Amino acid sequence: MRIGVCSDHAGFEYKDRIISYLLGKGHEVVNYGTNSTESCDYPDYAHALGNAVDSGEVDCGIALCGTGNGMAMTLNKHKKVRAALSWGVALAVLAKEHNNANVLVLPARFISYRMALACIRAWLSTGFEAGRHLRRIEKI
């Protein structure tokens with residue numbers, strides 16, 4: 001799977017560790033930045049990932065910022081993106097099962113790295129249930 005990953009300065013340290021984790025699991029990873037802890041503007045990186053999802057350059061994405069809210073709001077401006085903010089495994093699972101979320105957004109300042117990885121593992125291994133959920137997604 002080809003996964004795009006982005007963050008702002010608040011999510012940078014987790015992002016680099018997540019990239020290593022994903023590569024170790026055999027995924028192809030595209031890093032859309034940022035590449036330091038220097039203060040930056042999350043929309044710059046969210047739009048880069050959103051454009052990649054829209055164009056099919058990546059299959060899905062993972063985004064991190066302090067609260068996750070800014071990344072989610074920006075990513076969801078993209079036509080083909082369904083970004084879901086998750087801070088626990090159950091939310092990550094439901095984001096995929098019910099909403100077929102193609103971008104997982106994590107709040108780096110509010111969850112541990114261990115929880116971030118648990119969310120990612122759950123989200124990547126969960127399938128979309130379709131059925132009534134597909135009907136609802138089509139209304140988005």
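**Entry 1. The largest pocket.** I sorted the lining of the largest pocket by class and got six nonpolar, three polar and three charged residues. Here Ala, Val, Leu, Ile, Met, Phe, Trp, Tyr, Cys and Pro count as nonpolar, Asp, Glu, Lys and Arg as charged, and the others, Gly among them, as polar. The model is predicted: local features need pLDDT of at least 70 and side-chain atom pairs count only at pLDDT 80 or more, while totals for chains, interfaces and linings use all residues. Residues are numbered from 1 along each chain as its sequence is written, and side-chain values use heavy atoms, with hydrogens and water left out.

I noted the lining residues as Asn76, His78, Lys79, Lys80, Val81, Arg82, Ala83, Ala84, Asn99, Ala101, Ile137 and Ile140. A pocket is an open set of points on a 1 Å grid over the protein atoms alone, where a 1.4 Å probe fits, with protein on both sides within 12 Å along at least five of seven lines; lining residues have an atom within 4 Å of a point. I read off a volume of about 180 Å³ for the largest pocket. That volume is the space filled by probe spheres set on the points, which are joined across faces, edges and corners.

**Entry 2. Salt bridges.** I looked for salt bridges (a side-chain nitrogen of Lys or Arg within 4 Å of a carboxyl oxygen of Asp or Glu). The count is two.

Arg2 pairs with Glu28, with 2.2 Å between the closest N and O atoms. This pair links distant parts of the chain, 26 residues apart: Arg2 is in strand E1 (residues 2–7) and Glu28 in strand E2 (residues 28–31). Strands are DSSP runs of E, at least two residues, and helices are runs of H or I, at least four, numbered from the N terminus.

I checked accessibility next (buried is under 20% relative accessible area, exposed over 50%, partly exposed in between; 1.4 Å probe, protein chains only). Arg2 is partly exposed at 26%, and Glu28 is partly exposed at 42%.

Lys15 and Asp16 form a salt bridge at 3.5 Å, N to O. Lys15 is buried at 0%, whereas Asp16 is partly exposed at 32%.

**Entry 3. Asp54.** I found Asp54 in helix H2 (residues 42–55). Asp54 is buried but has no salt bridge, and Lys80, the nearest side chain of opposite charge, is 6.4 Å away. For charge, Lys and Arg count as positive and Asp and Glu as negative; His and the chain ends are not counted. Leaving out residues up to four places away in sequence, I listed the contacts of Asp54 (heavy atoms within 4.5 Å) as His78, Lys79, Lys80 and Val81.
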